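Please open the model in your viewer and keep the selection panel at hand. The tour goes from one selection to the next, with a short account of what is there.

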Amino acid sequence: MRKFIAAAVLAVVAATGLSACSSASDPNVLKVGTEGTYAPFSYQEGGTLTGYDVEVAQAVGEKLGKRVEFVQTPWDSIFAGLESKRFDLVANQVTVNPERTAKYALSQPYTTSEGVIVTKSDNTTITSLASLAGKTTAQSATSNWSKVAAGAGAKVEAVEGFVQAVQLLKAGRVDATVNDTLAVGEYTKKTGDTGIKIAAQTGETSKQAFAARKDDTALITDVDKALAELRADGTLARLSEKYFGTDVSK
């Protein structure tokens with residue numbers, strides 16, 4: 001999970017459906033925190049916020065009968081924004097882990113992915129997660145991948161996002177970066193960057209979900225109902241195919 005500084009609010013989509021808790025200022029609005037810099041999940045294209053997470057959140061909003069407003073926020077401050085009630089929900093590939101499960105109300109997962117280790121293309125010393133011991137990786141400080149790298153014995157240098165991590169990697173300032181295989185695949189597809197490679201898999205399958213404040217269980221209950229409907233009617237599979245060419249929502 002990332003990334004860069006921005007603070008903008010974009011209003012999107014309204015429809016009919018289930019009821020849920022929402023913004024205290026307007027019960028018909030669901031405010032969603034997202035980065036807007038983490039392709040293909042949440043990013044700008046032609047000045048418009050788009051991406052897999054963005055479209056899934058919009059579809060959930062339709063089911064809830066609410067207008068969705070996105071609040072772009074850097075990853076490392078996104079949970080602080082949730083806790084301070086700047087928005088109601090985080091839609092930014094929030095990996096489900098025990099720490100987050102204890103602290104936040106998490107929805108049912110809507111993405112499943114694998115972790116990978118990225119190095120310079122000519123690196124031959126990193127071939128597994130264990131190889132990161134004593135190496136330096138570039139990671140968003142509060143990301144799940146930062147914990148994976150640190151747990152493997154790596155020294156973690158904090159960055160805002162994957163693109164910055166790749167820049168440090170190619171400049172020789174770090175040895176590797178750990179991230180989501182879907183994000184890495186999107187980066188290489190769009191840039192054609194041959195200076196980096198996937199050196200190894202982390203061996204971990206991760207699941208991603210929406211996050212709300214711990215006491216906002218009513219919202220998560222309704223979000224889960226919406227996700228179940230979107231899974232049943234094929235919307236999640238369609239959006240997965242659109243962005244990844246395969247169904248990552250299983």
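Begin in this predicted model by selecting Val32, Tyr52, Val56, Val60, Leu89, Phe210 and Val223, which touch the most other members of the largest nonpolar core, a set of 34 residues. Next, colour the elements that give two or more residues to this core: strands E2 (29–34), E6 (67–72), E7 (89–95) and E13 (196–213), together with helices H1 (52–64), H6 (181–191), H7 (217–232) and H8 (235–244). Among these, H1 gives the most, with seven residues.

Now centre the view on Leu89 and show what surrounds it; leaving aside neighbours within four places in sequence, Leu89 is in contact with residues including Leu30, Val32, Leu82, Phe210, Leu219, Ile220 and Val223. For comparison, select Phe162, Leu169, Tyr187 and Ile196, which belong to a second, separate core of 13 residues.

Move on to H8 and select Thr235, Leu236, Leu239, Ser240, Tyr243 and Phe244, the buried residues of this helix. If you look down the axis of H8, these buried residues fall within an arc of 135 degrees, and they therefore line one face of the helix. What covers the buried residues of H8 includes strands E4 (42–45) and E5 (48–50) as well as helices H1, H6 and H7. Just after H8, select Gly245, which takes a positive phi of about 75 degrees.

Finally, colour the protein by pLDDT: the average is 90, and 90% of the residues score at least 70. Over residues 1–23, however, the pLDDT is below 50, although this stretch has 101 contacts in the model beyond near neighbours in sequence.

How values were computed:
Residues numbered from 1 in each chain as written. Predicted model: local features only at pLDDT ≥ 70, side-chain atom pairs only at ≥ 80, totals over all residues. Heavy atoms only, no water. pLDDT = per-residue confidence, 0-100. Contact = heavy atoms within 4.5 Å. Core = buried A, V, L, I, M, F, W, Y, C linked by side-chain atoms within 4.5 Å. Buried < 20%, exposed > 50% of the residue type's maximum accessible area, 1.4 Å probe, protein only. Helix = DSSP H or I, 4+ residues; strand = E, 2+ residues; numbered from the N terminus. Arc of directions from axis to C-beta.
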